[in-house]
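Me: I'm new to reading structures with a ligand in them. Could you walk me through it, one feature at a time?

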Amino acid sequence: MELIFEKSRKGKIGGTLPGQDTGMKVEIDRRYARSRDAELPCVSEPEVVRHFTRLSRMNFGVDSHFYPLGSCTMKYNPKFTEKIASLEEFTSLHPLQPQLVKGEKLTQGALEIIYNLEQVLSEITGMAEFTTQPMAGAHGELTGVMLIAAYHKKKGNRKKYVLIPDSGHGTNPASAAIAGYEVVSVPSDENGVMDMAKFRENISEEVAGVMLTCPNTLGIFNPHIREISDIAHEADAIMYYDGANLNAIMGKARPGDLGFDVVHLNLHKTFATPHGGGGPGAGPVGVSERLAEFLPVPRVVKHPGGEFRLDYDLPLSIGYVAPFYGNFGVLLKAYAYILLLGREGLVEATENAVLNARYLKFHLEKDYEIPYGDNCLHEFVISASRQAEKGVRAIDIAKGLIDRGIHPPTIYFPLIVKEAMMVEPTETESRETLDMFIRVMKELAQIADKIPEEFKNFPRNAPVGRVDEVKAAKDMDVALLPSDNSG
Ligand SMILES: *Cc1c(COP(=O)(O)O)cnc(C)c1O
């Protein structure tokens with residue numbers, strides 16, 4: 001935002017934010033002020049437009065291509081939410097703006113949105129309270145495990161371990177370890193869910209929590225979930241639900257009803273906000289009643305008069321986890337999305353996400369090995385092991401997909417499937433797009449079967465439209481030049 005500067009008498013330069021009489025003044029010491037205008041490059045409008053249009057076309061995203069990246073829920077991000085987030089009433093808000101000045105409500109609307117979003121996420125997940133502060137899924141996990149640690153500390157429990165199935169997302173063990181726990185990886189059984197015998201072997205009074213993704217990264221819902229939470233609760237271990245992708249159960253089942261005490265959600269997955277190229281996301285965390293007193297400060301509370309306030313008075317809080325209140329713009333978009341879809345819309349999104357995944361799986365079963373998940377939910381994992389016997393690996397098929405205008409699925413994850421390709425179509429894709437993907441996958445399977453040397457000659461160096469990734473990562477100049485295909 002542009003600051004309007006004015007010279008003051010004391011040799012300082014002060015400024016106020018235009019259009020807002022907030023009483024805030026920014027003062028900059030004269031030493032740091034320019035004496036000459038900055039020499040900014042001058043370019044014409046068409047040059048600027050061409051530059052940014054060219055850059056935008058180098059992008060591979062949900063707005064340009066089918067993007068079935070498993071576990072990442074790369075669903076289409078509706079543009080009306082961008083419009084809402086760019087309303088001046090929101091963009092001109094400043095996080096340091098007082099909530100109330102002489103009875104005037106300066107930020108009441110923003111606080112109400114945060115408050116309402118926390119309420120609606122609690123309702124969707126069956127949790128008592130939510131904090132929208134964490135700014136990514138992994139950040140939500142870390143916050144969640146810190147809440148678990150605070151709970152045990154208050155009770156005087158001596159806990160050392162966090163149990164995580166071996167199909168868990170890599171951020172799960174990382175978050176548990178950063179929060180100070182030792183991670184125990186529990187193997188999966190032949191159905192692809194956590195092995196119950198191994199779970200029983202590892203659960204003990206020393207276990208602080210069990211982190212589960214359900215359905216897991218194989219797209220399978222764990223049928224033992226109630227039993228697992230009962231056993232965990234007996235050892236006073238907290239059940240943690242990784243709800244980064246709630247797409248499979250939103251509106252159908254609630255983690256709170258399944259015995260979970262902590263949940264994190266990725267608004268940049270399930271609730272259709274952009275992933276932002278690694279930029280702003282949001283990983284809100286919900287808790288059951290017994291963990292609520294440890295939530296991060298501040299909390300948005302509603303006073304009896306209907307006013308919203310930020311409450312810092314929580315003696316047992318784990319403290320701050322994010323500056324101000326997290327990524328407000330992202331929260332706003334997710335809230336708008338939820339309001340537009342409503343209860344029925346969210347349920348329909350879930351049903352279509354599952355239907356689309358099952359449709360793809362059904363049509364690819366003959367061409368590829370699909371080792372787990374007869375009843376997959378929102379995603380499933382292909383193994384390119386049959387193709388690998390002929391020397392064509394998952395990465396070759398992935399690169400063949402890029403050449404045919406499709407972003408490849410997640411490959412080589414989860415680790416328990418050889419030559420894994422994890423496919424998540426999401427609910428926002430049409431039948432035509434799914435059929436196109438099926439056609440291309442079948443074509444690649446046929447080439448791998450009949451003329452595998454084709455992959456050796458050509459797609460191994462694919463995608464042909466880009467330099468090789470090592471060179472691209474090491475040398476930005478090379479990455480921006482047209483490819484000479486020497487990689
Ligand atoms: C994406 C994802 C995460 C991590 O979320 P980030 O926002 O990338 O930090 C955690 N768990 C699962 C299952 C995920 O898919």
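Reply: Gladly! Keep in mind that this is a predicted model. Begin with the shell around the ligand: its largest share, 3 residues, comes from helix 5 (residues 137-155).

Me: Which residues come nearest to the ligand?

Reply: A residue belongs to the surroundings if one of its heavy atoms lies within 4 Å. Here 13 residues are around the ligand, and Ser71, Gly137, Asp242, His268 and Lys269 come nearest. By type, the shell holds 3 nonpolar, 7 polar and 3 charged residues.

Me: Which side chains have a polar atom by an oxygen atom of the ligand?

Reply: For a polar contact, look for N or O atoms within 3.5 Å of each other. His268 has a polar side-chain atom 2.7 Å from a ligand oxygen, and an N or O atom in the side chain of Lys269 is also 2.7 Å from an oxygen of the ligand. For Asn245, the distance from a polar side-chain atom to a ligand oxygen is 3.1 Å.

Me: How much of the ligand's exposed area does the protein bury?

Reply: Compare the ligand alone with the ligand in place. Alone, the ligand exposes 380 Å², and the protein buries 86% of that.

Me: What lines the second largest pocket?

Reply: Look at the volume, then the lining. This pocket has a volume of about 570 Å³. Its lining has 24 residues, with His94, Pro95, Leu96, Phe324 and Tyr325 nearest the centre. Helix 3 (88-91), helix 4 (108-125) and helix 9 (328-364) each supply at least two lining residues.

Me: How many of those lining residues are nonpolar, polar or charged?

Reply: The lining of the second largest pocket has 17 nonpolar residues, 7 polar ones and no charged ones.

Technical notes. Residues numbered from 1 in each chain as written. Predicted model: local features only at pLDDT ≥ 70, side-chain atom pairs only at ≥ 80, totals over all residues. Heavy atoms only, no water. Polar contact = N/O pair within 3.5 Å; in protein donor to acceptor, adjacent residues only side chain to side chain. Areas by Shrake-Rupley, 256 points an atom, 1.4 Å probe, with all protein chains shown as cover. Helix = DSSP H or I, 4+ residues; strand = E, 2+ residues; numbered from the N terminus. Nonpolar A, V, L, I, M, F, W, Y, C, P; charged D, E, K, R; others polar. 1 Å grid on protein atoms, 1.4 Å probe; cavity = no way out; pocket = protein on both sides within 12 Å on 5 of 7 lines; lining within 4 Å. Points joined across faces, edges and corners; volume = space filled by probe spheres on them.
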